[in-house]
Amino acid sequence: MRILGLYRTKEKEWDKLIYLHRNAEGGTCVNGALARVRLHAAGAGDVPEDADYVIVLPKETELPENRFLAVNGGECLLWKAEGEELAVCNAGFLGVSAPVELWRPMRVGVLTVSDKGSRGEREDTAGPALADMIEALGSVVVKRDIVPDDRRMIAERLAEWADGEKLQIVLTTGGTGLSLRDVTPEALMDVQDRLVPGFGEIMRARSMFHTSRGFLTRSIAVLRKGTLIIAFPGSERAVRQCFEAIAPALRHGVEILCGWDAECGHSGHP
């Protein structure tokens, strides 16, 4: 479906293009000004006057609570948590006729594997970077933790998040090198039902663009029932490079894994 109209309620005028972003306090802004933004389905009565901007979608379109409105494949991403107003997740432009999709949120856990990090001797920057990047794909990070380079502890946490929390994705960072303490790939193999080799392959290929040592990372991905678990390297720089490599297909893979593709992955229906 596509955006049918962009309406300024106070001026009672229509726009062809607007820019949505967040201010420093996290408030939703349109073209630089704080604004209340709502959706409206064409033919559903009068345009709501209690909003500053209204995005008009095709007839009978609904955005249930706790869903994302993805514009241009997620280049601009809006979130409806509670009530009628929309919050901005990814800043971007909205234009008349722009394609939009309704996305289910992916529930995510981020696990940092580091001896020093678990003892508070090193600041974790890779974990927060992963959380920020996965949220930009229409996710809600519901679990965060740091554990030492202990194969059993890593495996137990992964199984707990997959089986108990029913997360769609678990991202780990750290422990993918060649030292004797690097055991994250082995922990993933301890809990896996199936291996997904493409993730590790594309991450190593992307790493080789940045360093001739990129092939040394042992990053892998596995499936445990309905959970995709991906092991990233430990540095923030490597995490960002590897995530950029897998990001274009990550949501599609989760939709297939969870059966959301049967409803086109974007219908918003339960």
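Analyst: Start with R240, which is partly exposed at a relative accessible area of 34%. In this scheme, buried means under 20% relative accessible area, exposed means over 50%, and partly exposed is in between, using a 1.4 Å probe and protein chains only. Before going on, note that this is a predicted model, where local features need pLDDT of at least 70 and side-chain atom pairs count only at pLDDT 80 or more, while totals for chains, interfaces and linings use all residues. Residues are numbered from 1 along each chain as its sequence is written, and side-chain values use heavy atoms, with hydrogens and water left out.

Back to R240: its salt-bridge partner is E236, with the closest N and O atoms 3.0 Å apart. A salt bridge here is a side-chain nitrogen of Lys or Arg within 4 Å of a carboxyl oxygen of Asp or Glu. The two residues sit 4 apart in helix 6 (residues 236-258), so about one helical turn separates them. Helices are DSSP runs of H or I with at least four residues, strands are runs of E with at least two, and both are numbered from the N terminus. E236 is partly exposed too, at 28%.

R240 and E236 also take part in helix packing. On the helix 6 side, E236, V239, R240, F243 and L250 meet A126, A129, L130, M133 and I134 of helix 2, where contact means heavy atoms within 4.5 Å. By class, that contact holds 8 nonpolar residues, 2 charged ones and no polar ones. For the classes, Ala, Val, Leu, Ile, Met, Phe, Trp, Tyr, Cys and Pro are nonpolar, Asp, Glu, Lys and Arg are charged, and the others, Gly among them, are polar.

As for geometry, helix 2 (residues 126-135) packs on helix 6 at an angle of about 20 degrees, with the axes 10 Å apart. Axes are lines fitted to C-alpha atoms, for helices over the stretch in contact, and angles run from 0 to 180 degrees between N-to-C directions. Helix 2 and helix 6 are therefore roughly parallel to each other.

Helix 6 has another neighbour, helix 5 (residues 197-210): the two axes come within 8 Å and cross at roughly 135 degrees. That makes helix 5 oblique to helix 6, and the crossing is right-handed. Helix 5 brings F199, I202, M203, R206, S207 and H210 to the contact, and helix 6 brings Q241, C242, E244, A245, I246 and L250. The class tally for this contact is 7 nonpolar, 3 polar and 2 charged residues.

D52 is in the loop between strand 6 (37-41) and strand 7 (53-57), and K10 is in the loop between strand 1 (5-8) and strand 2 (13-15), so the bridge ties together parts 42 residues apart in sequence. D52 is buried at 15%, whereas K10 is exposed at 66%.

Another bridge joins R151 to D190, with the closest N and O atoms 2.7 Å apart. R151 belongs to helix 3 (residues 151-164) and D190 to helix 4 (residues 184-191), so here the pair ties together parts 39 residues apart in sequence. R151 is partly exposed at 40%, and D190 is partly exposed at 44%. There is also a salt-bridge network that links R8, E13 and D15.

If you check backbone torsions, two spots are worth a glance. Most residues other than glycine have a negative phi. N31 has a positive phi near 50 degrees; N31 is in the loop between strand 4 (28-30) and strand 5 (33-34), partly exposed at 45%. K166 has a positive phi of about 55 degrees; K166 is in the loop between helix 3 and strand 15 (169-173), exposed at 56%.

Methods: Angles under 35 degrees count as roughly parallel, over 145 as roughly antiparallel, 65 to 115 as roughly perpendicular and the rest as oblique. A crossing is left-handed if the near helix is turned anticlockwise from the far one by less than a right angle, and right-handed if clockwise.
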